[in-house]
Amino acid sequence: MQPQSTAMVQPQAFCESTFLELLQSEIGIKNYESWFKNKVSLKTADEELSVGVGSPFVLNWMQKQFRSVLTRLAQQFLGPSARILFVVDAAQLPQPREAARAEKSKAKPVLPAMPVAVAKTESTIAPEVEQVAAATKPVPRQSYARRSGRKYASLNDFISGESNQFAYMASLQACQFPGERCNPLYLHANVGLGKTHLLEGIYKSIRQLHPNLNVMLISAESFANYFTLALRDKTLPSFRHKFRNVDVLLVDDVNFLEKKGVIQEEFLHTIKQLESKGCQIVLTSDRHPRLLTKTSTELSTRFLSGMVCKIEAPDKTTRENILQHKAQAMQSTLSNSVLKFVASRFQQNVRELEGALNCLETHRLFETNQTLSVNSARKILSDLERDCVRIVRMADIDCIVAEFFGITPEEIKSSSRSRKVSLPRMIAIYLSRKLTEAAYKEIGQHFGGRNHSTVMSAEKKIIKSLEEGAVFKLARREWPAKELVETLERQLLAC
């Protein structure tokens with residue numbers, strides 16, 4: 001179809017349906033249905049046509065793609081000096097899925113079910129199969145609506161103890177006094193210890209306590225993706241408007257920004273602008289800001305300027321409380337003795353506790369709801385752990401430690417006694433002894449043919465540094481020995 005000419009002699013009276021018909025012929029049916037049909041509102045005032053769209057991002061796109069054709073058509077109706085104004089119209093926001101589904105169900109008449117004739121035949125199913133089918137027949141329960149959107153954790157469900165109480169109290173302060181105390185709040189911990197739980201709890205609590213505040217919760221990866229798209233589409237003003245006009249910014253896993261210099265620069269300016277307006281900022285990471293070695297100094301010092309809280313692995317009492325809380329939430333009948341056994345067996349993070357609890361509960365239901373004993377739990381979890389053994393080699397330790405300290409594995413094994421090499425070597429020897437349980441002689445042979453007394457001496461020095469809370473000064477930074485060793489251990493067990 002040839003597009004209709006927009007040349008005109010006299011402007012005609014504005015008619016929305018006629019205008020949209022002409023627009024469809026100009027841009028094609030596919031573009032019209034994707035961007036205009038039931039998605040925009042049109043209003044005229046004097047020689048101005050106002051086009052209402054659903055979001056700033058759509059507005060930016062429409063300006064780039066359709067401004068010229070809309071201007072030509074507007075001139076046909078409003079005169080040669082007609083102009084186009086794009087605005088964000090809340091009425092044009094995308095319809096929620098549930099509401100759309102409800103509207104769709106209203107439009108469709110419900111047909112009566114057709115009767116089904118069932119012939120009575122003699123069962124040919126094996127008795128064993130019938131017993132299994134009867135045992136696994138689902139118990140009638142209330143129907144569940146399909147969940148839409150993200151379900152956020154609550155601070156009410158966070159079990160606090162000695163390992164995380166400081167971080168929990170700081171989170172409460174950030175909720176009650178956003179922008180005034182603990183700002184920025186930086187939470188760091190190993191995986192599975194509750195960083196994201198606290199972050200989501202802060203998001204949920206601030207929205208309840210301060211409904212007028214604009215709160216944004218996002219991962220660092222999503223921030224990077226949005227920024228990359230904005231660079232590609234040349235929509236940086238819209239991107240910055242989105243992230244720099246919030247009252248509370250919550251970012252998960254900021255360690256993702258390591259080695260991403262351009263994105264770090266944008267994130268730094270975002271943090272600066274929000275801080276200048278007194279906005280609350282909460283960040284989570286897998287390590288202390290000083291251990292973000294591939295992050296710019298200006299950005300990492302911003303993280304240090306507020307409240308830095310570490311979440312430790314939960315102690316035995318806290319682990320037992322966590323298991324009791326989760327068992328109660330899933331209506332499990334596992335005994336306290338079994339829960340205490342699980343708490344004593346899994347000590348690294350909360351996810352391990354959840355996995356073990358789910359495993360035991362599933363076995364209990366499979367065994368026709370019989371009560372599990374501690375011995376049964378021990379056997380079930382032993383089988384589970386046997387399939388998840390991670391073997392760490394001394395060669396792996398060489399590579400991880402060398403990369404962290406900016407040297408080569410060959411330098412660690414060399415005869416050099418410089419501080420640049422000796423400290424990484426002692427840490428590598430300590431980790432080899434701890435994670436591989438190799439003999440002193442074997443470790444000594446691996447690290448350049450050293451004797452067992454040299455290996456024992458290196459191990460003792462690192463153990464003493466950990467016990468005394470020593471701080472290693474490297475590259476003009478001071479790093480606590482414990483945090484540095486834990487970071488290397490985590491990398492080794494994850495690779």
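Helices (H or I, at least four residues) and strands (E, at least two) are DSSP runs, numbered from the N terminus. A cavity, on a 1 Å grid over the protein atoms alone, is a set of points where a 1.4 Å probe fits but cannot get out. A pocket is an open set with protein on both sides within 12 Å along at least five of seven lines, and lining residues have an atom within 4 Å of a point.

The model is predicted: local features need pLDDT of at least 70, side-chain atom pairs count only at pLDDT 80 or more, and totals for chains, interfaces and linings use all residues. Residues are numbered from 1 along each chain as its sequence is written, and side-chain values use heavy atoms, with hydrogens and water left out.

The chain contains 21 helices and 10 strands. It has 495 residues, of which 39% count as buried. Buried means under 20% relative accessible area, exposed means over 50%, and partly exposed lies in between (1.4 Å probe, protein chains only). A contact is a pair with heavy atoms within 4.5 Å. Among contacts between residues at least 6 apart in sequence, 72% join residues at least 24 apart.

Helix α1 spans residues 16–27. Its 12 residues reach 16 Å from the first C-alpha to the last. That is close to the 16 Å expected at 1.5 Å a residue, where the expected span is 1.5 Å times one less than the number of residues. Buried residues of α1 are Phe 19, Leu 20, Leu 22, Leu 23, Ser 25 and Ile 27. Gly 28 follows α1 and has a positive phi, near 95 degrees.

Empty space was examined next. Rolling a probe the size of a water molecule over the atoms shows where empty space is left. The count comes to one cavity of 30 Å³ or more. The largest cavity has a volume of about 60 Å³. Here grid points are joined across faces, edges and corners, and a volume is the space filled by probe spheres set on the points. Residues lining the largest cavity include His 188, Asn 190, Asp 286, Arg 287, Lys 310 and Glu 483. Helix α21 gives the most, with four residues. By class, this lining has two nonpolar, four polar and six charged residues. Ala, Val, Leu, Ile, Met, Phe, Trp, Tyr, Cys and Pro count as nonpolar, Asp, Glu, Lys and Arg as charged, and the others, Gly among them, as polar.

The second largest pocket holds about 550 Å³ of space. Its lining comprises 24 residues. Gly 192, Gly 194, His 197, Val 350 and Glu 354 lie nearest the centre of the second largest pocket. Elements that give two or more residues to its lining are α7 (195–209), α12 (316–329) and α14 (350–366). Helix α7 supplies the largest share, four residues. The lining of the second largest pocket has eight nonpolar, seven polar and nine charged residues.

The cysteines form zero disulfides. A disulfide is a pair of cysteine sulfur atoms within 2.5 Å. The sulfur of Cys 309 has its closest cysteine sulfur in Cys 182, at 6.7 Å, which is too far for a bond. Cys 309 is buried, with a relative accessible area of 1%. Cys 399 is partly exposed, at 45%.

Backbone geometry gives several further details. Most residues other than glycine have a negative phi, and most peptide bonds are trans. A cis peptide bond joins Asn 183 and Pro 184, with omega about -5 degrees. Pro 184 lies in the loop between α6 (165–176) and β4. Cys 182 is also found in the loop between α6 and β4. Cys 182 is not a glycine, yet its phi is positive, about 55 degrees. At 16% relative accessibility, Cys 182 counts as buried. Asp 253 has a positive phi of about 60 degrees, although it is not a glycine. Asp 253 sits in the loop between β6 (248–252) and α10 (261–276). Its relative accessible area is 32%, and Asp 253 is partly exposed.

Asn 225 belongs to helix α8 (residues 220–233). At 41% relative accessibility, Asn 225 is partly exposed. Asn 225 and Ile 263 are 38 residues apart in sequence and 9.6 Å apart in space, C-alpha to C-alpha.
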